[in-house]
Amino acid sequence: MRLSRFHLTTVKEVPADAEIASHRLMLRTGMIRKLAAGIYTWSPLGLRVLSKVESVVRDEMNRAGAIEVLMPSIQPKELWEETGRWEKFGGQLLKIKDRKDASYCYGPTHEEVITDYARNELKSYKQLPVNFYQIQTKFRDEIRPRFGVMRAREFLMKDAYSFHLTADCLATEYRNMYDTYGRIFTRLGLTFRAVQADTGAIGGNASHEFQVLADSGEDAIAFSTGSDYAANVEMAEALAPTMERPAPAQAIERVATPTQKTIDEVSAFLGVKPEQCVKTILVRGTDGLVALCVRGDHEVNEVKAAKLAELPGEAALADEAAILAATGTRPGFIGPAGLPDSIPVIVDRSAAVLADFVCGGNQDGTHYRGANWERDARITRVADLRKVVDGDLSPDGLGTLKIARGIEVGHVFQLGSRYAEAMGATVLDDAGKAQVMQMGCYGIGVSRIVAAAIEQNHDDNGIVWPEPMAPWRVAICPIGAAQNAQVREEAERLYQELGERGIEVLLDDRGLRPGPMFADMELIGIPHRVVVSERGLAAGTFEYRRRGETENQALDREELLRRLA
């Protein structure tokens with residue numbers, strides 16, 4: 001590609017709301033331009049990168065035996081009502097009406113549509129297993145779209161759905177997709193982890209997220225120093241301490257803490273460590289309020305808590321009025337000692353081994369010091385309630401946990417029969433009996449991968465693309481071509497030769513000075529830069545630099561071609 005014939009518009013300044021590197025650099029390079037909140041136009045440069053990702057995804061999905069389809073992006077309300085998700089999906093579901101006042105949504109995902117397709121197309125077990133996939137635009141009405149295409153409302157996604165007669169067959173395809181995703185992200189040159197994850201709004205029996213490791217990642221993931229164990233922090237088990245709870249050594253004492261409500265404030269005021277405090281959270285339970293108790297230096301894990309039998313499938317904080325009515329105390333001074341018997345007290349494993357701890361006094365402006373379980377505070381039961389932290393023992397018993405940040409770019413689910421059963425998707429088995437199909441679901445955020453790759457691969461000068469994702473592999477930068485016919489002819493000759501060898505090459509024939517020309521090439525992240533100059537030609541060499549390196553190399557033509565090949 002001759003850059004004089006390509007639309008490239010780079011800028012130095014970006015909006016103040018561009019908070020992370022990928023958003024800033026995608027705007028500076030002109031890869032995207034904002035149309036509305038969370039909605040972007042992809043420029044020719046951005047589309048080249050997006051197409052590279054899409055090509056690798058499609059290639060590996062085809063290799064894995066999946067079959068490509070294309071489903072409508074507009075979906076009728078009736079399908080979503082069959083699965084109960086028309087209301088349950090919440091505000092992210094963009095609902096629209098046609099001229100006949102019929103209700104539709106702009107698809108955020110396609111479980112309902114593919115299940116409808118399958119129940120009409122698949123009749124016999126002989127047609128199974130089958131895996132359908134598509135690469136298509138989705139829309140989720142994010143309450144706060146941010147970070148450019150990282151959390152956009154409109155985005156490009158690869159979603160796949162498999163159908164099976166048995167759970168064992170589903171498990172086999174799940175592993176196939178798990179391995180396929182590993183190949184996709186490896187081919188794209190990304191550093192990633194596959195982690196155990198919660199099934200969330202999609203539902204199902206098991207799931208793994210694929211996380212690109214980056215300091216700016218929204219997700220926290222835990223991985224073992226001694227094995228390949230990795231999980232989303234919300235899913236990682238916090239093992240019970242091996243120590244037994246000490247015998248009480250102090251008498252319980254109520255102390256005044258008139259304005260101290262938080263753990264940090266209370267521990268500083270009373271001169272105790274946060275880990276010697278108990279934090280009590282009151283949440284809405286199935287039959288009234290439920291108390292969740294964790295150590296002061298730990299956080300309640302909402303995903304784990306939501307699965308407690310005493311809770312209605314979510315861990316929602318009780319409002320102040322309900323807390324005041326049930327306990328006579330305002331939030332900030334609630335503790336397990338002296339709570340009404342009607343409130344179950346579920347205690348985290350680490351908190352359950354504390355003795356002589358500090359907790360809320362269940363009286364405004366007070367806390368207890370020297371409180372002890374069973375003597376002063378009852379325990380309904382002990383459970384794993386907290387988020388794991390750096391240094392915890394790995395749940396598999398091998399090594400300790402490290403916490404890293406990650407960007408979710410892929411997610412695989414074993415859905416089981418949830419959608420097929422709700423929508424009556426059955427096939428006849430070998431005995432002629434109707435069987436509800438088992439389903440798997442496998443998603444990749446194609447446009448999000450582009451942003452994640454930038455978050456993982458950039459420096460002060462711009463993007464440092466992994467080669468498989470770069471818009472071009474090589475940039476030829478002639479210096480003084482307008483004044484020197486030999487420079488111009490040699491640049492053209494090299495451009496033609498690299499193109500004939502199948503190397504994606506960009507010729508910067510805009511006639512810019514070296515500084516601005518090199519700055520643009522570094523900004524847009526071209527992996528290899530070749531400078532053609534009068535001085536270099538006189539020495540029989542080209543000036544070569546790989547993106548991310550700081551020194552130039554003088555290479556003759558043979559060595560240059562070998563390096564680029």
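Modeller: Let's go through some aromatic rings, a strand and a pocket.
Modeller: This is a predicted model, where local features need pLDDT of at least 70 and side-chain atom pairs count only at pLDDT 80 or more, while totals for chains, interfaces and linings use all residues. Residues are numbered from 1 along each chain as its sequence is written, and side-chain values use heavy atoms, with hydrogens and water left out.

Biologist: What do Phe185 and Phe192 form?
Modeller: Phe185 and Phe192 make a tilted aromatic pair, with 5.7 Å centre to centre and 55° between the planes. Ring pairs also link Tyr178, Tyr181, Phe185, Phe192 and Phe210 into a cluster.

Biologist: And is Phe185 buried or exposed?
Modeller: Phe185 counts as buried because its relative accessibility is 0%. Phe192 is at 23%, so it counts as partly exposed. Buried means under 20% relative accessible area, exposed over 50%, and partly exposed in between (1.4 Å probe, protein chains only).

Biologist: New topic. How many of the residues of strand E15 are buried?
Modeller: Six of the eight residues in E15 (residues 288–295) are buried, so the strand is mostly covered. Strands (E, at least two residues) and helices (H or I, at least four) are DSSP runs, numbered from the N terminus.

Biologist: Which strands does E15 pair with?
Modeller: E15 pairs with strand E14 (residues 278–285) in the antiparallel sense, over eight bridges. A hairpin joins these two through two residues, and Val283 stands opposite Val290 in E15. E15 also runs parallel to strand E16 (residues 345–348), joined by three bridges. Two strands pair if DSSP finds at least two bridges between them.

Biologist: Which element gives the most to the lining of the second largest pocket?
Modeller: That's E14, with six residues. The lining has 26 residues, and Lys279, Thr280, Ile281, Leu282 and Gly332 lie nearest the pocket's centre. A pocket, on a 1 Å grid over the protein atoms alone, is an open set of points where a 1.4 Å probe fits, with protein on both sides within 12 Å along at least five of seven lines; lining residues have an atom within 4 Å of a point.

Definitions and conventions:
Rings of Phe, Tyr and Trp (its six-membered ring) pair if their centres lie within 6.5 Å; planes under 30 degrees apart count as stacked, over 60 as edge-to-face and the rest as tilted.
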